[in-house]
Amino acid sequence: MPILVVGSVALDTVETPFNRVEEVLGGAASFFATAASLYSPVNLVAVVGSDFPQEFLDFWRSRPINLDGLQIREGRTFRWTGRYHLDMNARDTLDTQLGVYAGFHPVLPASYLESDLLFLANIQPELQMEVLQAAPRVRLTVLDTMELWIMTEYDRLTEVMKRVDVLLMSEEEVRQYTEQASILKGVRELLTLGLRYVIVKQGSYGALLFGADGTYFSAPTYPLEEVVDPTGAGDAFAGGFLGYLSTVAPRADGRYALDDLKRAVVHGNLIGSFACEDFSIARLRSLTMDDIMSRYRSLVEYSHFDPAWNSQAK
Ligand code: AMP
């Protein structure tokens, strides 16, 4: 099942307390496409400048990633610079240069209209809306965003949120958007927009799935001894989530079974954990399904507990 994604493709400069890299491949759509293409074909919609390194295009062409919707424009590729704190769940954006994203309008090639799943990765809400409107037949739509758009494009972002099935937000973003200190109260408010599910990303602590039908599921994270760079972990999460769903058949009513949605959240956590093990897409690039399966088994072991209250109750 092909997955359509629109989002940023960027050159990132990242500083952690231990290291610094300059102008490496970044951008929400880059992390997502690299991760999701482990599961299914990906149709990428984005723009890069004439300075974008050929080697990244060659790498994506070596994967089932369709680049027909990737525009290459005269000018500079989007650039982002971020610095992480010692607690790598927290970071500051030092610089954002939109480059060719200013004035960009996505164009969907005819072949992309066959996509079954849509990921509106982090980018201007206006561009997310354009792609949403151009791809009316997809089975499931998932939206990601960030603080910048909550602060500067609240109304437009809200319009997109009203039209998608699943919203991904970090805990801080839920608080920023809803102005609720309590995540549960914030999520309840978000669900009134008509979303079917809200997934709250908790950085190194896992993720929570909330459904408009009352569903609640808490997925643990895979414990990492060393986090090299968390950039793109959220997009890799989305790649694992939608990647897994692209491999399962929905029920007769077109909806996904709750157990599959839960597995998808676990895949999201796992792929997010791999993304943190190196800079840029380096770890996602070398990742195999065997690596994912082995981490999946460990996570089941780490988080499973007996439903019997005590051993006598068995
Ligand atoms: P994440 O760590 O999952 O939040 O994703 C980080 C990625 O988002 C980086 O690779 C950045 O290039 C990209 N990014 C940062 N700021 C923006 C922005 N304003 N619009 C789109 N993408 C961005």
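Author: Let us begin with Gly-99, which has a relative accessibility of 38% and counts as partly exposed. Please keep in mind that the model is a predicted one.

Reader: Why is Gly-99 called partly exposed?

Author: Buried requires a value under 20% and exposed a value over 50%, with partly exposed in between. The 38% of Gly-99 falls in between, so the term is partly exposed. Gly-99 is found in the loop between β7 and β8. From its C-alpha to that of Ala-233 the separation is 23 Å in space and 134 residues in sequence.

Reader: What makes Asp-68 exposed?

Author: The relative accessibility of Asp-68 is 56%, and exposed means over 50%, so the term applies. Asp-68 belongs to strand β5, which covers residues 65–73. Leaving aside neighbours within four places in sequence, Asp-68 is in contact with Pro-109, Ser-111 and Tyr-112. The C-alpha atoms of Asp-68 and Leu-44 are 7.5 Å apart in space, and the two are 24 residues apart in sequence.

Reader: Why does Ser-170 count as buried?

Author: Its relative accessibility is 13%, and a value under 20% is called buried, so Ser-170 is buried. Ser-170 is placed in strand β10, residues 166–170. Apart from neighbours within four places in sequence, Val-200 and Lys-201 are in contact with Ser-170.

Reader: How many aromatic pairs are found in the whole structure?

Author: The search finds nine aromatic pairs. One of them joins Phe-78 and Tyr-101, whose ring centres are 5.7 Å apart and whose planes stand at 90°.

Reader: How do you know that Phe-78 and Tyr-101 form a pair, and what makes the pair edge-to-face?

Author: Ring centres must lie within 6.5 Å, and the 5.7 Å between Phe-78 and Tyr-101 meets that limit, so the rings pair.

Reader: Are Phe-78 and Tyr-101 buried or exposed?

Author: Phe-78 has a relative accessibility of 11%, which is under 20%, so Phe-78 is buried. Tyr-101 is also buried, because its relative accessible area is 1%. A further aromatic group is the cluster formed by Phe-52, Phe-56 and Trp-60.

Reader: How do you know that the charged end of Arg-285 sits over the ring of Phe-59?

Author: The distance is one part of the test: the charged end of Arg-285 is 4.2 Å from the centre of the Phe-59 ring, and the limit is within 6 Å. The test also asks for a position within 35 degrees of the ring normal. The charged end of Arg-295 likewise sits over the ring of Phe-274, 3.8 Å from its centre.

Reader: Which residues come nearest to the ligand?

Author: There are 20 residues around the ligand, and Ser-8, Asp-12, Gly-27, Arg-91 and Gly-232 come nearest. The largest share of the shell, three residues, comes from α8. The elements β2 (10–15), β6, α4 (147–152) and α8 (233–245) each supply at least two residues.

Reader: Are Glu-179 and Ser-280 buried or exposed?

Author: Glu-179 has a relative accessible area of 72%, which is over 50%, so Glu-179 is exposed. Ser-280 has 12%, which is under 20%, so Ser-280 is buried. Glu-179 lies in the loop between α6 (171–178) and α7 (183–191), and Ser-280 in the loop between α9 (258–275) and α10 (282–286). Neither is a glycine, yet phi is positive, about 60° for Glu-179 and about 50° for Ser-280.

Terms used:
Residues numbered from 1 in each chain as written. Predicted model: local features only at pLDDT ≥ 70, side-chain atom pairs only at ≥ 80, totals over all residues. Heavy atoms only, no water. Phe/Tyr/Trp six-rings, centres within 6.5 Å; stacked < 30°, edge-to-face > 60°. Buried < 20%, exposed > 50% of the residue type's maximum accessible area, 1.4 Å probe, protein only. Helix = DSSP H or I, 4+ residues; strand = E, 2+ residues; numbered from the N terminus. Contact = heavy atoms within 4.5 Å. Near = heavy atom within 4 Å.
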